[in-house]
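The following paragraphs lead the reader through the structure shown here, chain by chain and then across the contacts.

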Amino acid sequence: MNSKNSYDYYLILATTVVLFIISAICICSMFYFKLENIQQLPMTVKAGYMNNMNTVMAPFLIALIVLLGICVPKRLLPSVWLNRFSAVLVLLAVIISIIWNVKVGLAFVLIVSAVLQVVVLLMALAGSKSLNFEKTGYWIRVGSSLLHLGLIMFILDVFFYRYPGLHLILFWLTTVSTTLGMVVCFYADSCGRLVKRTRNIFLRQGTKKE
Amino acid sequence: MMINELVDISLFSRGGQFFMYGLLVVGVLLGISGVINLLRPRPVMERMTVRTLVVVNVVFIAGFLWICRLHYQIYCYLPLEMSEFLVGWFNQHIQGSGMPLLESSAPVRYTVPLWIENEKYYFWFMCYSMMSLAAHSRITRHRLRALLHIMLSGQVLLLFFWFDPFSQPLSGFFSEVQPWFAGSQTPMERLRLFMQLYPRMIYYYNASYMWIHPPMLFLSYACITITFVTSIFMLFVRDMTIENTGYDFAKLGFVLLTLGMLLGYPWALQAWGENWWWDPKICSSIMMWSIYSTYLHTRLYAARSGMWYFTSVMGILCFVSMVFTLLSSLYFPGEHSLQ
């Protein structure tokens, strides 16, 4: 296993562990919700329960966002630079969190991730060979980039859901990007054929006019 | 006037029983042929099995059209009519609340979705039935086909004995609206009743999201069930065609599940505010989505040693988490609760 692959492997492993812990907390919360009859209690108690659960979950969500921030540039950078980039990103997030608060720090990581993912998407669209993807194929790369951009947008959307205007824009960006990404990635061959056929039709019409 | 006089529920039930008994007969036949095929080294009664599967699909679709007829009757014959005075009074009080204003000349009508109460199981199992027919035509291994048929047969039995949508159709909905059509209230009582029924109509029965969010999820559940069957088979047979079939359905299911869950999100914010964070059903759905995406990622490495079994276990786990998500609506209280 080369260093790039082992880096990928550990990132996937870390993400899986964090997701597993989040799932375990979710299951515990479901049983706690049922056993303590939270649904029947006054709204203030329910709000208190939600706050407590948010506090329990927060470190793992932060870990997930930081992992996302490290995962995105792996498409762009070689592993040596990826290590340096990750260290700088985490350091900056910590500094921002200390100066302002954790939310701003996480928003910084998310925005950097979104910008980088847009760069990855543009490079994938341009057919760049320098991107590091597990799978080859133009449409798979474009679809995967769109899908992951959608995921980042979704987390940003959850982050800003209290701002209705921004929330709606982010929500539709998320939905379009994720859906289009999944369709293009999962049905890459059909997409390729469809684009080719459409291009041929346009070319034929162009030749007839001439 | 009683609801029975406006919408012929007894005729609907009698007609529905015809479809349910029809389904039971063909479903049991399919199950028997499935068990025989599973135990035999060579395919048995192949042509008969295909025909039975087609008949199951036809009966399912006919029953679904019968359900559509009931819903159309509800739309036509169960409007919530009020006098012009009450409409004016009501409009004054809901102005600025975000709810649409009423018109006395055009009473509000129910557009009840086709997948509420027991009908949702009917819709889900019908989708599975169609997908198993599609999967049947793609695979050649008779034992895998047999597993698909046994699963369908089990679903038909569940529908017949526990989730029959025809025996007491839309019992929750009808008991809600029954007092309105009993018609023995004073104008003020009628207005009070309308104030209970109208928000429920706007935010639940007539909500546009109800026509998108649940059917997408049920379609994805049907896909997950096919993937589950292929994953079980993968534990015993190492065949890329089977893995590909399971993966094709998993892809479709994942697209539908993700889109369905996403489209429920702004509606939940609108209808429940922030109340649904930490709702048990949402927690279990997110877990299911995580497991599903893990399955799709591990599937990339299915050809590597050891990963074959891990991928199939993940496919099975997707189904288990889907069942857990479904049961969570029955057991855990919350915004999605069916308790």
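In this predicted model, chain A has a radius of gyration of 21 Å, whereas a compact globule of 210 residues would have one near 17 Å; the radius is taken over C-alpha atoms, and the globule rule is 2.2 Å times the number of residues to the power 0.38. The C-alpha trace of chain A spans about 75 × 40 × 35 Å along its principal axes. Chain A contains seven helices and zero strands, where helices (H or I, at least four residues) and strands (E, at least two) are DSSP runs numbered from the N terminus.

This is a predicted model in which local features need pLDDT of at least 70 and side-chain atom pairs count only at pLDDT 80 or more, while totals for chains, interfaces and linings use all residues. Residues are numbered from 1 along each chain as its sequence is written, and chains are lettered from A and ligands numbered from 1 in the order in which they are written.

The contact between the chains takes 21 residues from chain A and 23 residues from chain B; two residues are in contact if their C-beta atoms, placed from the backbone, lie within 7 Å. On the chain A side, α1 (3-35), α2 (43-71) and α6 (164-186) each give two or more residues.

Chain B is divided into domain 1 (1-206) and domain 2 (213-339), with bounds from an automatic or database domain assignment. The C-alpha centres of these two domains of chain B lie 23 Å apart. Their contact takes 18 residues from domain 1 of chain B and 18 residues from domain 2 of chain B. On the domain 1 side, α5 (119-138) and α6 (142-161) of chain B each supply at least two residues, and α5(B) provides the largest share, nine residues.
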